[in-house]
Amino acid sequence: MKQKQSEQKHIREQLDNELSDLQFNDHHKVLQRTHPKTWMQKAGRLWNKEIEIPLLPVASVLLLAITIGVGSQFINDNDPTSILQQTVQAKELVDTGVGIYTNDLLEKAVSKK
Amino acid sequence: MNQYGNTLLRTAFLLVKDQHTAEEVVQDTFIIAFEKVDQLREPEQLKSWLSTIVINQCRTRMRRWSWKNILLSFKDKEDEWQEEHEKSPEQTILDMDLSQNLSKAIQELDYKYREVITLYYFNEWSVDEIALHLQQNSNTIKTRLARGRQQLKAILVKEELYDEAKTV
């Protein structure tokens with residue numbers, strides 16, 4: 001046990017020697033961020049503010065939204081009434097006085113005459 | 001900051017291997033400590049609390065770092081270290097010439113080994129303390145320490161052989 005502690009100490013000393021050049025001199029940067037004085041420092045603090053986004057709920061909501069979006073698009077694309085509506089919308093309706101016909105039917109009838 | 005700044009910086013440097021990143025880690029640590037000081041229940045635990053924040057910050061940065069590395073290059077890991085040597089790894093490390101760069105060798109270790117070796121030797125934490133702070137089982141820490149020592153020994157032996165070859 002004692003031997004282990006002395007080894008620990010010995011290695012710690014060696015590391016301390018090797019890393020003695022490393023000194024923490026950024027006190028002013030910490031103080032600037034904890035106690036901003038100028039407008040720029042305050043803006044910087046706001047800009048660097050850390051926000052936490054809970055991954056699971058956000059991912060679930062996004063997945064749900066994408067599923068609903070894609071699903072409703074698929075349903076719309078395959079809905080027979082919407083296909084019919086689209087077809088009717090594509091054709092122009094013409095009032096002949098006798099009845100209302102689509103322009104393609106009317107053109108066919110006129111061309112037969 | 002005067003009292004613990006240097007130790008925290010050196011711990012971070014051993015873990016993240018980059019001085020600039022280590023400085024950022026320590027700055028962020030003091031800022032987090034300032035903002036969350038009410039979470040510190042026992043003031044005598046300040047050093048240990050700050051060290052835990054440093055470890056978490058280093059882990060976060062290393063995660064980003066590893067993603068960057070994965071995206072930039074697919075480096076193959078070399079995991080070649082010999083287990084059968086006459087001396088124990090600790091003895092080998094102690095017998096090495098003091099002018100050798102032990103900190104560089106520690107930085108060459110895989111992160112999980114680097115972390116426990118740094119906390120055990122540089123921060124002089126016990127196995128139980130490391131286990132508590134890293135939220136791991138004591139046996140896991142012991143295993144990591146043993147493997148870390150073995151890897152460290154292999155690195156130092158390799159470097160010594162390289163230095164000898166250079167001088168010949």
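## Where the two chains meet

Start with the polar side of things: between chain B and chain A there are 13 residue pairs in polar contact, with both partners at pLDDT 80 or more. Keep in mind that this is a predicted model. On chain B, the elements giving two or more residues to the side that touches chain A are helices H1 (5-16), H2 (19-35), H4 (89-95), H5 (102-107) and H6 (111-122). H2(B) puts in the most, with 9 residues. Sort that side of chain B by class and you get 17 nonpolar, 11 polar and 9 charged residues.

As for salt bridges, the count between chain B and chain A is 2. One pairs the side chains of B:Arg10 and A:Asp16, at 3.5 Å from N to O.

## How much gets covered

Interface size is often quoted as the accessible area that is lost when the parts come together. Here, chain B and chain A bury about 3,100 Å² between them, and 60% of that is on carbon and sulfur atoms. In residue terms, 37 residues of chain B are in contact with 26 residues of chain A.

In soluble globular proteins, nonpolar side chains tend to be buried together. The largest nonpolar core in this model has 51 residues, and B:Cys58, B:Ile130 and B:Leu152 have the most contacts inside it. H6(B) gives the most, with 8 residues.

## Chain A by itself

Chain A has 6 helices and 2 strands. Reading from the N terminus, the order is α-α-α-α-α-β-β-α. Of its 113 residues, 14% count as buried.

## A closer look at B:Asn123

B:Asn123 sits in the loop between H6 and H7 of chain B. Is B:Asn123 buried or exposed? B:Asn123 counts as buried because its relative accessible area is 11%, and the cut-off for buried is under 20%.

Who are its partners? Setting aside neighbours within four places in sequence, B:Asn123 is in contact with A:Arg12, B:Thr11, B:Ser51 and B:Thr118. With B:Thr11 there's also a polar contact, side chain to side chain, at 3.3 Å. B:Thr7 is 116 residues away from B:Asn123 in sequence, yet their C-alpha atoms are 8.2 Å apart in space.

Note on methods
Residues numbered from 1 in each chain as written. Chains lettered and ligands numbered in written order. Predicted model: local features only at pLDDT ≥ 70, side-chain atom pairs only at ≥ 80, totals over all residues. Heavy atoms only, no water. Contact = heavy atoms within 4.5 Å. Buried area = accessible area lost by both parts, 1.4 Å probe. Salt bridge = Lys/Arg side-chain N within 4 Å of Asp/Glu carboxyl O. Polar contact = N/O pair within 3.5 Å; in protein donor to acceptor, adjacent residues only side chain to side chain. Helix = DSSP H or I, 4+ residues; strand = E, 2+ residues; numbered from the N terminus. Nonpolar A, V, L, I, M, F, W, Y, C, P; charged D, E, K, R; others polar. Core = buried A, V, L, I, M, F, W, Y, C linked by side-chain atoms within 4.5 Å. Buried < 20%, exposed > 50% of the residue type's maximum accessible area, 1.4 Å probe, protein only.
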